[in-house]
Amino acid sequence: KQTLAVLGVTLAMLLAPALVESGRPEVARGAAVLGVMALWWVTEVLPLPITSLLPMVLYPLLGICSASELAKVFFDATSMLFVAGFLVGLAVERWGMHRRIAFSVVALVGGGGMTALIAGFMGSTWLLSMMISNTATTLAMLPVADAFLASLPPGTERFQSGFLLAIGYAATIGGIATPVGTPTNAIFLSQYSLFWPDEPEFSFATFTLAALPLSGCLLVVTWLAICVRFVWRARTPLQVDDLRAFTRSRDALGAWSYEELVLC
């Protein structure tokens with residue numbers, strides 16, 4: 001019944017522009033397609049990837065624009081850059097490189113105490129988020145973080161909440177640093193070339209050189225805020241009892257594989 005209701009509303013929305021007098025009918029039809037996509041996204045009557053391709057079918061069918069004009073928007077350089085970022089992220093997760101980075105950094109800096117351990121987790125998340133989306137990075141780091149939090153004694157729930165927040169913040173901050181770190185960066189590059197076509201191209205290197213220092217500064221400020229709020233002002237001192245589990249996990253990964261070296 002829900003599917004039939006959604007399809008009925010969809011048909012009504014697509015027919016509505018024909019009943020409305022407009023000096024630019026293609027604009028009204030485009031708004032109808034936008035409304036249909038929003039409806040299908042919310043109700044999930046079809047998988048989201050299929051819904052995202054609705055304009056490829058409906059725009060030429062309703063005379064909004066030609067398929068060749070639309071293809072230039074869907075498959076421009078920015079879109080391909082974003083697709084490449086997704087592929088790199090999938091490869092990192094497929095070959096377990098995120099675990100190697102996390103275990104290595106945490107085992108390296110964890111001996112400096114709780115603040116250094118937080119810095120290690122945040123730094124690992126920050127680095128991964130430059131290549132993988134923020135959500136995927138956070139999900140990839142959660143098992144490692146849970147293994148550490150499970151070793152803490154009772155009464156540290158407040159610190160555990162702050163620790164998870166630190167990972168989420170680091171993933172968001174890392175996404176700022178590169179064009180493929182988060183979708184909004186790719187959208188910026190697309191809008192930049194659209195509004196300033198005569199300006200030099202905003203390349204991957206140029207974007208990273210401009211955004212990386214800002215991202216690094218935000219990471220340090222966030223780390224300080226987490227330490228002040230959840231470590232330095234804690235009622236009871238927090239101690240890291242044993243980091244050998246992270247060292248063993250790192251050693252269990254063995255030597256770098258060919259695939260990991262290619263990703264580097």
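The model is predicted, and the protein chain has an average pLDDT of 79, with 84% of the residues scoring at least 70. Confidence in the protein chain is highest in helix α12 (residues 204–232), where the mean is 91, and lowest in helix α1 (residues 2–19), where the mean is 66. Where pLDDT is low, predicted coordinates should not be read in detail.

The unreviewed UniProt entry annotates residues 38–61, 73–95, 101–122, 162–182 and 202–226 as "transmembrane region". Two of these spans can be described by their geometry. Residues 202–226 are 92% helix and 0% strand, and the C-alpha atoms at the ends of the span are 34 Å apart. Residues 38–61 are 79% helix and 0% strand, with the end C-alpha atoms 19 Å apart.

The largest pocket holds about 700 Å³ of space. It is lined by 21 residues, of which V73, F74, F75, D76 and S79 are the closest to its centre. By class, 14 residues of this lining are nonpolar, five are polar and two are charged.

The largest share, six residues, is supplied by α11. In terms of domains, domain 1 (1–67) and domain 2 (78–263) each provide at least three residues of the lining.

Terms used: Residues are numbered from 1 along each chain as its sequence is written. This is a predicted model: local features need pLDDT of at least 70, side-chain atom pairs count only at pLDDT 80 or more; totals for chains, interfaces and linings use all residues. Side-chain values use heavy atoms; hydrogens and water are left out. On a 1 Å grid over the protein atoms alone, a cavity is a set of points where a 1.4 Å probe fits but cannot get out, and a pocket is an open set with protein on both sides within 12 Å along at least five of seven lines; lining residues have an atom within 4 Å of a point. Grid points are joined across faces, edges and corners, and a volume is the space filled by probe spheres set on the points. Helices (H or I, at least four residues) and strands (E, at least two) are DSSP runs, numbered from the N terminus. Ala, Val, Leu, Ile, Met, Phe, Trp, Tyr, Cys and Pro count as nonpolar, Asp, Glu, Lys and Arg as charged, and the others, Gly among them, as polar. Domain bounds come from an automatic or database domain assignment. pLDDT is the predictor's confidence in each residue, from 0 to 100. UniProt positions are given in the numbering used here, feature names are shortened, and annotations may be inferred rather than shown by experiment.
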